Amino acid sequence: MAIIKTTENDKLEFDSAVNELKEYFSSLSVRKGRTLTYNVLTYGCQLNESDSEKLSGMLASFGLEASSGGELDAADVILFNTCSIRENADRHLFGNLGVFKTLKKNDRDVIIAICGCMMKVPENVEKIKKSYPYVDLVFDPQQLHRFPVLLRDSIRNKKQMVNISADDYIAEDSFFPIDRKRKFRALVPIMYGCNNFCSYCIVPYARGRERSRSFDEIVRELSELASKGYKEVMLLGQNVNSYKGEDGKTFADILRAASDFKEFSRVRFMSSHPKDLSDEVIDIMATRPNVEKHLHLAMQSGSDKVLKDMNRPYTISRFLEIADKFRTKVEGGSLTTDIIVGFPGETEEDFEETLKAVEKAKFDAAFTFQYSARPGTKAAAFPDQIPSDVVTERFGRLTEYTNRYSEESNGRLVGKTMEVLIEGISKAGDMTFSGRTITNHLVNFTIPQELGINIGPDYLEGRLCEVRIDRARPYSVDGVLVSLKGE
Ligand code: 5AD
Ligand code: SF4
């Protein structure tokens, strides 16, 4: 298994396949007497969303138009970008795939393709080969830059094509046309893959070894985004803090470079691992006004024994120390986390340690997960898998705890006027808009008519405003717009 950087040759091959596909779809469109469409169905995390923006960009470059937006819309090219992090993500694919069987039966020109993390799990690929012969193309997330070539070949060959690579590729974003879903927010992957091998996690198998993009390329992309008017950048990686660029450049260097663009009102990042988060990054968060005051730091468990079995190289007291440092340095900052319950061997005492840690860290929000055995990971073979009724019961108790603290966190905002970056309309019926504070709190708000503000969502998206918060809910707060910035 090697890490391979794309070359000029790859780009030439890419361009030539795009041209052939343009011609193919253009004559198909004439034959059918209508515009052709694509539908990319995206599951999972923001890295998958970022991949889908590239896949959509490529499909648009073949001359296809996006379908009208419904998840299960019929289209001429249907592409599933799958996720494998937990079992229910797998079920989604096989559930939805069946919906398109009749479409393909009635129109042999329809193309069904599947990519994403699930395709790195051999059992899933075997299942598609055996039970879903109407799927045209299967490829893995490491080969996005080869999508036009693979699609062209599958159209030429007219039989199911499965192309899973053993290598980990790295293609800079400039390789692709990108169809960014939000006009104010740009997702910018800075690294791919993960070397941590937490014992429960499929990601290192699905996304391969850690590889960082070039620092200069990232800065070039950020500069282009700033000049195009993007207001928010989201720096992405499974483990952003272990970024390693040329000349010893670190994640702190990227964060500083991004925040130097004053055009960005928000610089955000996901995800951080407790073992790699540096004091320097916390200091940047504390001092740079456009860097988010929000840290997502996965705790996973409050028990040292479980953390060890998970192959998470920190103790709970070390985790709480980092949490404390963040709270002290980044005033008013919010701390969120991921927690797994029911990891193999987790005893009632271990679980209570997790509750105690939640009590101490007082997370502003927590994503809680029931352990799901992922075939091929170490933990899937551990003895002592926890019965599902015990997992469900613990999960219920944990969410009661975490919800209490997130409601408290939202409650602390009531009565305050906060700066909010507007993301769009949240409920069209009653003209409620939504946005986020720099601490990543979700705010739903109304706009009093007497302010005479143009409420067209296209006009408001990406703008900063002041909102008076007057009510807390478990996962969001409600408020009223006080003023629009820059008016
Ligand atoms: N079972 C349950 N949760 C998992 N996660 C990752 N793998 C699993 C699994 N096998 C959770 C972790 C991770 C988040 C993205 O998903 O908490 O931080
Ligand atoms: Fe998975 Fe652990 Fe890597 Fe996160 S750090 S992607 S949980 S292996």
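**Helix pairs and cysteines**

Guide: Helix α8 (residues 215-228) packs against helix α9 (residues 251-260) at an angle of about 20°, their axes being 10 Å apart, and that makes α8 roughly parallel to α9 (angles under 35 degrees count as such). Helices here are DSSP runs, H or I, of at least four residues, numbered from the N terminus, while axes are lines fitted to C-alpha atoms over the stretch in contact, with angles from 0 to 180 degrees between N-to-C directions. This is a predicted model, in which local features need pLDDT of at least 70 and side-chain atom pairs count only at pLDDT 80 or more, whereas totals for chains, interfaces and linings use all residues. Residues are numbered from 1 along each chain as its sequence is written, chains are lettered from A and ligands numbered from 1 in the order written, and side-chain values use heavy atoms, without hydrogens and water.

Visitor: At what angle do α10 and α12 pack?

Guide: Helix α10 (residues 279-287) and helix α12 (residues 316-329) pack at about 25°, with axes 9 Å apart, and they are therefore roughly parallel to each other.

Visitor: How many disulfides does the structure hold?

Guide: A disulfide is a covalent bond between the sulfur atoms of two cysteines. With the cut-off for a pair of cysteine sulfur atoms set at within 2.5 Å, the structure holds 0 disulfides. For Cys117, the closest cysteine sulfur, in Cys83, is 6.2 Å away, too far for a bond.

Visitor: Is Cys117 buried or exposed?

Guide: Cys117 is buried, with a relative accessible area of 9%, where buried means under 20%, exposed over 50% and partly exposed in between (1.4 Å probe, protein chains only).

Note on methods. Helices (H or I, at least four residues) and strands (E, at least two) are DSSP runs, numbered from the N terminus. Angles under 35 degrees count as roughly parallel, over 145 as roughly antiparallel, 65 to 115 as roughly perpendicular and the rest as oblique.
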